[in-house]
Amino acid sequence: MQFEYFSRLTRPVQEFVSTVEQGANIDIQVVLDAKLNSGGPTGQGKLAIVIEAQYVRLFAPTNGYFPDGAVRHEVLHVKRFHIDGVPKLALADAEDWDKAYSDGLGDLDNAIEHIVIVPEELQFHPDRREHWEAVMSNVCSELHLIPESERCLAGSLHWAFLRHVLPDSPHLEVARNFLIQHALLEIAEKFEKKFLSVISNKEEMIQVLFLFFPEIPKNRVALEYINSLTGNHQIPIP
């Protein structure tokens, strides 16, 4: 990470960034993007990250938003893929390129990763609780906009996140009422229990996902492993 950004972090986050960069054998490059200035749940700005085998780019607003907790969050994603060796959901190499579907898989994978990553983020940065409560406030205010075909999957993932990450959040009751309204609470509770029981193994989490939601076409999706030395490697969904 460039010194001008690295120097703005506290010592513990600097040490974490250095450890991940060394372990991944890759430099995290910060790239400014004015489009991020009004992002995030409170409109103060947000970070975004692109993680590939040969490079990692951390996009940041031009308004100075670069908080410790948000940086740790994004670098935790890097650690998961490059050091812990967990796979990400990706469009299978054999499929024709479909940007919308690929982006959708990225969003789905991000939702899964957040269930794992955010508790660790909050352990080091309890002040980030306000950020995630604001995120879930926005999510819950838009539950009614979820297309019917995606309602069960999205509702179940939101439920698992709230139950695991923010179990005493007031938004849990909002999510519960939404699931009850659409007769989805029972399946969401079953999914959450099974999903969280294998949280230490990403491959098993994905197996549970496809078991509960077989409408996701397995043939279009792959588990993709990335490494700065060996590149990209895909395997079919088990």
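Which residue in β5 does L89 stand opposite? The residue is L223. The notes below refer to a predicted model.

1. Strand pairing. The pair L89 and L223 belongs to the contact between β4 and β5, two strands that run antiparallel and are joined by four bridges. Strand β5 covers residues 221-227.

2. The whole sheet. β4 and β5 are part of an open sheet of three strands, ordered β4-β5-β6 and paired in antiparallel fashion. Strands β4 (88-91) and β6 (231-236) each have a single partner strand and stand at the edges, so one side of each has no neighbour in the sheet. On average, and with direction ignored, neighbouring strands here are turned by 45 degrees against each other.

3. Helix over the sheet. Helix α4, residues 99-124, lies across β4 and β5. Relative to β4, helix α4 runs at about 175 degrees.

4. Charge of R151. R151 is found in helix α6, which spans residues 148-165. The residue is buried but has no salt bridge. Its nearest side chain of opposite charge is that of E148, 4.7 Å away, whereas a salt bridge requires a side-chain nitrogen and a carboxyl oxygen within 4 Å.

5. Surroundings of R151. What does the side chain of R151 join through a polar contact? The partner is the side chain of H182, at 3.2 Å.

Definitions and conventions:
Residues are numbered from 1 along each chain as its sequence is written. This is a predicted model: local features need pLDDT of at least 70, side-chain atom pairs count only at pLDDT 80 or more; totals for chains, interfaces and linings use all residues. Side-chain values use heavy atoms; hydrogens and water are left out. Two strands pair if DSSP finds at least two bridges between them. Axes are lines fitted to C-alpha atoms, for helices over the stretch in contact, and angles run from 0 to 180 degrees between N-to-C directions. Contact means heavy atoms within 4.5 Å. Buried means under 20% relative accessible area, exposed over 50%, partly exposed in between (1.4 Å probe, protein chains only). Lys and Arg count as positive and Asp and Glu as negative; His and the chain ends are not counted. A polar contact is a pair of N or O atoms within 3.5 Å; within protein, one must be able to donate a hydrogen and the other to accept it, and residues adjacent in sequence count only if both atoms are side-chain atoms.
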